[in-house]
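Colleague: I am new to this structure. Please take me through how to read its features, beginning with the sheets.

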Amino acid sequence: MRKIFLLLLLCTTICSAQQPADLCRPVQLSCEYLINPLGVDSPYPRLRWKIQDERPGAIQQAYRIWVGTDSVSVAQGVGNRWNPGKMKSHDQWLRYQGTALDPFTTYFWSVEVWDKDGVKSEPATPARFETGMITKSNWRGAWITDTRDEDLKPAPYFRKSFTSKGHIKSARVYVAVAGLYELYLNGQRVGDHQLDPMYTRFDRRNLYVTYDVTSLLEDGKNAIGVLLGNGWYNHQSTAVWYFHQAPWRARPKFCLDLRLTYEDGSEEVVYSDRDWKTTLSPVVFNSIYTAEHYDARQEISGWDQPDFDDTKWKNAELTPAPSQHMVSQVMHPIRHTAEITPKSVRKVNDRHYIFDLGRNIAGVTRLQVSGEAGAIVRVTHAEVLGKDGLLDLSNIDLHYRPTDDSDPFQTDIYTLSGNGEEVFMPRFNYKGFQYVAVESDRPLQLDKNSLTGMVMHSDVPPVGNITSSNPTLNKIWEAANSSYLANLFGYPTDCPQREKNGWTGDAHIASETGLYNFDGITIYEKWLADHRDEQQANGILPAIIPTSGWGYQWANGPDWTSTIAIIPWNIYLFYGDNSLLSACYYNIRDYVDHITDISSGDLTDWGLGDWVPVKSKSPVEFTSSLYYYVDVSILAEAARLFGKTEDQKKYQALADQIAQALNDKYLDRSTGIYGSGLQTELSAALHWGIVPAELREKVAARLAERVEADKQHIDVGLLGTKTILNALSENGYADLAYRVASRSAFPSWGWWIVNGATTLSENWDLEAGSDISRNHIMFGEISAWYYKALGGIKPDPAMPGFKHILLEPHFVVGLDQFEASHDGPYGTILSSWQRNGEVITYRVTIPPNSQASWRVKAREVIKEGQSFAEDAADATATELIIPLEAGTHVFSIR
């Protein structure tokens with residue numbers, strides 16, 4: 001009779017004799033989730049570290065942190081601004097609580113820790129952070145522009161010459177812009193950020209950026225230059241969202257301080273005022289939504305150099321501040337992150353070439369071209385080709401409402417200067433595309449090296465990785481990552497071409513995918529501040545954020561705008577940091593109260609529902625009420641965390657009422673079916689936790705039956721993609737979930753891949769007549785599911801930030817190898833398994849100062865170092881929970 005063996009090789013924990021490299025030491029110090037940031041405005045910045053300790057069971061028993069303004073003293077363990085002494089704690093982050101921080105000051109800090117044996121580590125290599133303005137009153141510059149004509153198309157140049165008064169020791173630029181900008185000093189562009197500053201509700205909050213420009217300045221004559229772009233501030237293109245009628249719309253403007261510190265300790269500030277000179281630039285048109293037009297014949301050589309003659313330029317104009325709230329942009333910036341050489345180029349004729357990048361990206365193209373002065377080159381970007389082999393923009397231009405033909409969609413227009421080889425790359429725009437058509441009014445000679453795809457997105461560090469023996473799975477994960485990044489530009493978007501809008505529903509569905517794969521907290525914290533700016537007094541939020549005013553009347557029910565609760569909660573789970581949840585607490589409460597006010601009987605039909613389903617759509621009342629329940633539940637839990645006892649009681653009771661109302665109306669207790677028994681109805685009820693405990697097994701069985709009836713294919717929309725795979729794998733049907741996830745026939749994620757997709761689509765049907773962007777993140781939850789179900793890596797709400805890891809990997813039939821890793825607040829978590837015949841080898845790494853619980857089902861009792869056999873015909877599977885300490889462990893399962 002067949003035997004089932006489970007060998008627990010816990011004693012094979014990777015452990016070698018202790019060497020100096022194995023000792024505990026603090027590493028990766030950060031402030032506000034950035035390495036050595038500039039321009040910190042927070043009076044109580046968050047300081048974080050990890051510990052490096054490869055010994056089994058590594059923990060931090062205590063720590064000592066110190067902060068000072070003298071780097072030498074801090075390196076010696078002394079901090080003159082904060083030194084609270086030894087603190088017995090496992091925490092690896094805290095808020096600065098020393099004396100009030102001064103503006104424009106560099107602070108150094110370090111930390112030492114006590115390990116599991118009570119031995120003190122060496123201090124960490126000191127880190128630093130530098131404060132910014134702190135308060136608005138520290139600004140010296142005035143807001144300036146070149147004209148009040150918001151319809152003037154050419155972008156303006158600004159310049160200022162100045163002479164330093166001595167040898168410059170250090171220099172910082174602080175620049176706030178309504179619109180976009182590029183900054184220059186003595187002919188050199190400052191920094192590598194793109195599309196700065198990030199998009200906000202400009203009439204309520206403006207971001208400024210800080211640069212260390214010491215190396216770009218000279219003793220003596222200097223010049224500072226600014227080129228302004230429109231961005232979302234002055235939207236000159238017309239589309240259905242009315243950004244051309246935004247309440248903040250005006251000609252771009254900026255405010256700038258250049259602070260110089262000399263070797264003798266004296267300081268000087270060069271700042272924006274009416275003395276700055278301005279003229280129009282060769283950027284003759286720019287739109288964040290459509291494209292950029294550039295006339296190289298109008299270039300002004302040396303415009304940003306000290307000796308340039310600007311006597312024919314006019315003086316800048318003073319202009320009102322766009323808002324009274326200027327805050328530092330302390331977040332990961334947008335950058336050019338990769339360069340792509342085209343996969344192929346096809347010559348249609350000597351004036352028309354088509355390039356194929358081989359993958360769908362968000363970004364711009366860099367064109368190298370030679371030709372006659374005045375020759376006009378049009379560079380059009382598209383996701384697909386038509387049947388005639390030419391570019392087809394019909395899937396992405398349907399919401400564009402041009403007033404004439406001067407601003408073609410996703411089409412840059414470049415006029416050559418005739419001065420040899422010329423290089424053009426847009427500054428104030430990005431697009432979504434795979435194919436590029438280069439057309440000219442005169443013959444051109446182009447090849448593959450004439451055009452380069454420049455990938456752009458918020459440059460968030462990757463923190464996750466997936467590999468498996470299933471190539472389609474791997475490609476889906478890569479496509480999900482590509483779509484996530486292509487829709488991250490200082491805020492999460494739906495698509496990088498047709499809209500570029502911060503659709504709330506897409507973002508909360510994809511938030512776990514984002515957080516498992518990327519260190520995105522700085523983007524989410526900024527975007528939730530945008531939420532707080534947009535929320536009305538009655539608690540209502542718009543469907544897209546930021547917004548010109550569109551979205552307060554449609555698409556903004558709880559199934560979409562639950563971002564205000566779900567994302568802060570997920571940030572808390574992934575980082576163990578409740579700051580965002582705290583900042584949004586009253587906004588969540590106001591939002592929940594608004595839903596309550598407009599609802600009756602504890603249910604609401606406010607929302608869009610299961611958007612873009614395969615064929616079946618669940619009732620909007622059901623899905624919207626579920627998200628109402630989710631929001632209220634998060635609010636109740638947040639109230640408990642923050643000691644708001646009355647709120648906790650009130651909202652927990654309300655959550656219970658909503659769940660009861662949903663079950664009373666939609667659940668058939670005799671059959672275990674919700675509503676019509678659709679995949680979304682059943683899976684959402686299970687995933688979001690409204691199913692009575694005694695009925696979970698029955699409801700899960702009905703879900704599995706429904707999926708089998710649908711031939712193991714999905715029949716869900718946006719909301720159902722969040723729940724279908726999770727509900728199956730969390731309720732005993734992981735093998736079925738994997739079969740659904742790994743399908744390559746329509747409808748499935750794999751269907752896109754086998755049809756050549758490198759990003760996720762907006763519609764399951766690639767030939768659909770609408771909703772057919774080829775780069776949408778809204779169906780991207782599958783990437784998070786890989787981590788949660790196949791890797792089994794989940795945060796524990798009781799000990800968030802992966803302080804305690806819930807491990808429940810499913811060794812699904814049909815997959816021979818899988819590995820997931822996630823670099824969390826305490827270090828890298830690895831969950832890896834390999835099937836060899838009937839043996840599964842499971843390898844797991846738990847980072848220092850954290851622990852895990854591995855939940856596994858077996859037909860035997862497991863004891864360390866021993867194996868037990870039970871008769872397969874008689875044995876009953878037992879669910880075991882095995883505690884794991886920090887370190888690497890290897891298990892063999894037969």
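Modeller: Strands pair if DSSP finds at least two bridges between them. Here an open sheet of six strands, paired antiparallel, has the order 12-11-14-9-17-20. Its edge strands, each pairing on one side only, are strand 12 (188–189) and strand 20 (314–315). This is a predicted model, in which local features need pLDDT of at least 70 and side-chain atom pairs count only at pLDDT 80 or more, while totals for chains, interfaces and linings use all residues. Residues are numbered from 1 along each chain as its sequence is written, and side-chain values use heavy atoms, with hydrogens and water left out.

Colleague: How are the strands themselves numbered, and how many bridges join strand 9 to strand 17?

Modeller: Strands (E, at least two residues) and helices (H or I, at least four) are DSSP runs, numbered from the N terminus. Strand 9 (residues 156–163) and strand 17 (residues 277–280) run antiparallel and are joined by four bridges. Opposite Pro156 stands Leu280 in strand 17.

Colleague: How do I read the two faces of a strand?

Modeller: In a regular strand, side chains alternate between the two faces of the sheet. Strand 33 (residues 464–468) has Gly464, Ile466 and Ser468 on its covered face, with Asn465 and Thr467 on the uncovered one. Strand 33 also pairs with strand 38, antiparallel, over five bridges. Thr467 has Glu819 in strand 38 as its bridge partner.

Colleague: What makes two rings an aromatic pair?

Modeller: Rings of Phe, Tyr and Trp (its six-membered ring) pair if their centres lie within 6.5 Å; planes under 30 degrees apart count as stacked, over 60 as edge-to-face and the rest as tilted. By this rule there are 55 aromatic pairs. One of them is stacked: Trp752 and Trp764, at 5.0 Å centre to centre and 10 degrees between the planes. Trp752 is in helix 16 (residues 749–754), and Trp764, 12 residues apart from it, is in the loop between helix 16 and helix 17 (781–790). Both Trp752 and Trp764 are buried, where buried means under 20% relative accessible area, exposed over 50% and partly exposed in between (1.4 Å probe, protein chains only).

Colleague: Why is the pair of Phe811 and Trp833 edge-to-face?

Modeller: The ring centres of Phe811 and Trp833 are 5.4 Å apart and the planes are at 75 degrees, so the pair is edge-to-face. Phe811 lies in the loop between strand 37 (804–807) and strand 38 (817–824), and Trp833 in strand 39 (residues 827–836), so the pair ties together parts 22 residues apart in sequence. Phe811 is buried at 18% relative accessible area, and Trp833 is buried at 1%.

Colleague: What is a nonpolar core, and which residues touch the most other members of the largest one?

Modeller: A nonpolar core is a set of buried Ala, Val, Leu, Ile, Met, Phe, Trp, Tyr and Cys residues joined through side-chain atoms within 4.5 Å. The largest has 217 residues, of which Val438, Tyr674, Tyr786, Leu807 and Trp854 touch the most other members. Helix 10 (residues 620–641) gives the most to this core, with 12 residues. Another core, apart from it, has 28 residues, among them Leu217, Val226, Leu260 and Tyr262.

Colleague: How many disulfides does the structure hold?

Modeller: A disulfide is a covalent bond between the sulfur atoms of two cysteines. The test is a pair of cysteine sulfur atoms within 2.5 Å, and the structure holds zero disulfides. Cys255 is buried at 2% relative accessible area, and Cys495 is buried at 0%.
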